[in-house]
Amino acid sequence: MTAALQVEGLNRSFGALPVTRDVNLALERGARRALIGPNGAGKTTLVNLITGALRPHSGRVLLDGQDITGLSQADRARRGLARTFQINQLFRGLTVLENLCMTIGERDGHCNNLWRSAGSRRVVIDEALDHLDSLRLTDDALKLVRELPYGRQRLVEIAIALAQKPRVLLLDEPAAGVPSSESHLILDVVAALDPDIAVLIIEHDMDVVFRFAKEITVLVQGAVFTQGTPNEIMNNEQVRAVYLGQESHRGGHRG
Amino acid sequence: MAASDTITTAQRTSTRERAADYLLGRHRFRAAEALPWLIAIAVYFIFPDRLTFGSQVLVMVMFALSLDLILGYAGIVTLGHAAFFGVGAYTVGLAAARLQWTEPISGLFAAAIAAGIVGFITGWFLLRYRGLTLLMLTLATAIMLQETGNLRSDISGGYDGLPGLTFKPLLGVFDYDLYGHTYYLYALAVLAVVFYFVRRIVYSPFGQALTGIRENVRRMHAIGSPVHWRLVTVYTIAAAVAGVAGALFTQTNAYVTLTVFDFDNSAKVMVMLILGGTGRLYGAFVGATVYMVLEDYFSKLSPTFWQFGIGLVLVLAVLFARRGLLGIFESMGRYISERKKS
């Protein structure tokens, strides 16, 4: 079976500084993979390389066995590769409902239409509301995104990614910046994701990682340090040394 | 248990209906939207001797409307929008002076196509850039077109322009008169048609995508939007509309000079739009009208210092009406409706 997402020999440097070094990674369909590593390990860079926000200097990215390395970010998104951002990237001046309708409109190609009214497609609105329903955001549908508390904005970020109907979903610290009293709302959503979607999650909270992930990849200084099941990682002395031992990192999310 | 379930389901359904209604009804015409058109028609009867000025206002409304598409909706900041106005103005000017093609309505189509082509080509190159780079490149486009005209002043007439152009009677029947009655109605009719197109575009899914690009371009890339093509498309459309405005300008004035490409013209239309309010269609109507009327009034009051008056109004608008004059009306409307509720 071809992997949903496969990364082969990916390299990227910023100037003289290599930030991604010969990374190989494969996500099967329905995978639950956590990507962990100390600050500055290149986790977000790797996500940017996979989604096409950055170009690799060498290596390949394959989606369902097809080489997508040469494709633009938008083309990759249309093929079923969705992501959330570490810092919210939302249409802040629009309502939550419009954020969702926009996503569906671009997904289905409605946005190529210059004539028909955007509001005239009841199907789109209903689907958007269904997505909001499933994340308990219906009551916020008509609020502007910028008027929502940050935790709920994080949910909109996930709702948008899900509305893309992705086959592969990359979650970049979905609970970052959310007070711990509310973070369980987001983690519940993450835990309940469609089992067919292959998920890669970057997360600093080890409790979440060990609860959610079936496999863990440890990234250190841009290279894959080791991969394995949560148990293997937890009992790996070297991983403890470079990462788990450094308790001070847990609070220090990169901004 | 069953009863409370029914209630929550009913509640959820009503929330859903309300949310859906909001989007379903947003593009419908509202009664207040008739107001600018009624005023424009009233002007025809109340100021029959000021209609030449009136047509110039309508031309600038259309020019500002075209800028609203790209600045107000897509968030593209440009200082060279006069380029397309100028291409439209010279298309009908040159056609009339050099080719004796003086039929006005086909002239408008020719101007739209010519300006649209220039918009498409320059947009395809320029719209990869944003911010200051884009600002400089759009500015350079207008200057290059102006200098090209200057270089071949044997064709363009240079800064002396193409004076004394004559056009065929409108639809072969309505001749142009000294007071500009025909011009005014003609310009108003063209503006109405153009406005209908622009309004459809703004409320279409494509128009929504433009708003998305303005709000967060990174997110648009991430949800699979072909951002560059969207921008090139709207830039081309806005260029064509500006070209029609330029063509009307030439037709109503019966002359055209290279000053249509001036930086002044690009800046003026942006000031008008911001004064009226960007991204709300009618901002172009309010802004262009207020600006033109003030300019007319102040220049009669003091032919040397009239720009001081305009400057003062702008400073006040920037300080107290950040969302433009229409923004003030919107805030007032919201205030009144909230008072009614409580």
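How many bridges pair β1(A) and β2(A), and in which sense do they run?

Hello everyone. What you have above is a predicted model, where local features need pLDDT of at least 70 and side-chain atom pairs count only at pLDDT 80 or more, while totals for chains, interfaces and linings use all residues. Residues are numbered from 1 along each chain as its sequence is written, and chains are lettered from A and ligands numbered from 1 in the order in which they are written.

Let's start with chain A as a whole. Chain A has nine helices and ten strands; helices (H or I, at least four residues) and strands (E, at least two) are DSSP runs, numbered from the N terminus. Its radius of gyration is 18 Å, close to the 18 Å from the globule rule for 255 residues, so chain A is as compact as a globular protein of that length. That radius is taken over C-alpha atoms, and the rule is 2.2 Å times the number of residues to the power 0.38. Along the principal axes, the C-alpha atoms of chain A fill a box of roughly 60 × 40 × 35 Å. Of the 255 residues in chain A, 48% are buried, meaning that 20 or more other C-beta atoms, placed from the backbone, lie within 10 Å of a residue's own.

Now back to my question. β1(A) and β2(A) pair in the antiparallel sense, over seven bridges; strands count as paired if DSSP finds at least two bridges between them. The two form a hairpin with two residues between them, and A:G15 in that turn has a positive phi of about 65°. Across this pairing, A:V7 faces A:L25 in β2(A).

A contact here means C-beta atoms, placed from the backbone, within 7 Å. Axes are lines fitted to C-alpha atoms, for helices over the stretch in contact, and angles run from 0 to 180 degrees between N-to-C directions.

Next sheet, please. Six strands of chain A make an open sheet with mixed pairing, ordered β6-β7-β8-β3-β9-β10. The twist averages 20° from one strand to the next. β6(A) and β7 (residues 168-172) of chain A run parallel and are joined by four bridges, and A:A82 stands opposite A:L169 in β7(A). Helix α5 (residues 150-163) of chain A lies across β6 and β7, at about 180° to β6(A).

Finally, where the chains meet. Chain B gives 33 residues to the contact and chain A gives 37. On the chain B side, α1(B) provides the largest share, nine residues. By class, that side has 14 nonpolar, twelve polar and seven charged residues. For that count, Ala, Val, Leu, Ile, Met, Phe, Trp, Tyr, Cys and Pro are nonpolar, Asp, Glu, Lys and Arg are charged, and the others, Gly among them, are polar.

Notes. A residue is buried if 20 or more other C-beta atoms lie within 10 Å of its own, exposed if 12 or fewer, and partly exposed in between; C-beta atoms are placed from the backbone. Two residues are in contact if their C-beta atoms, placed from the backbone, lie within 7 Å.
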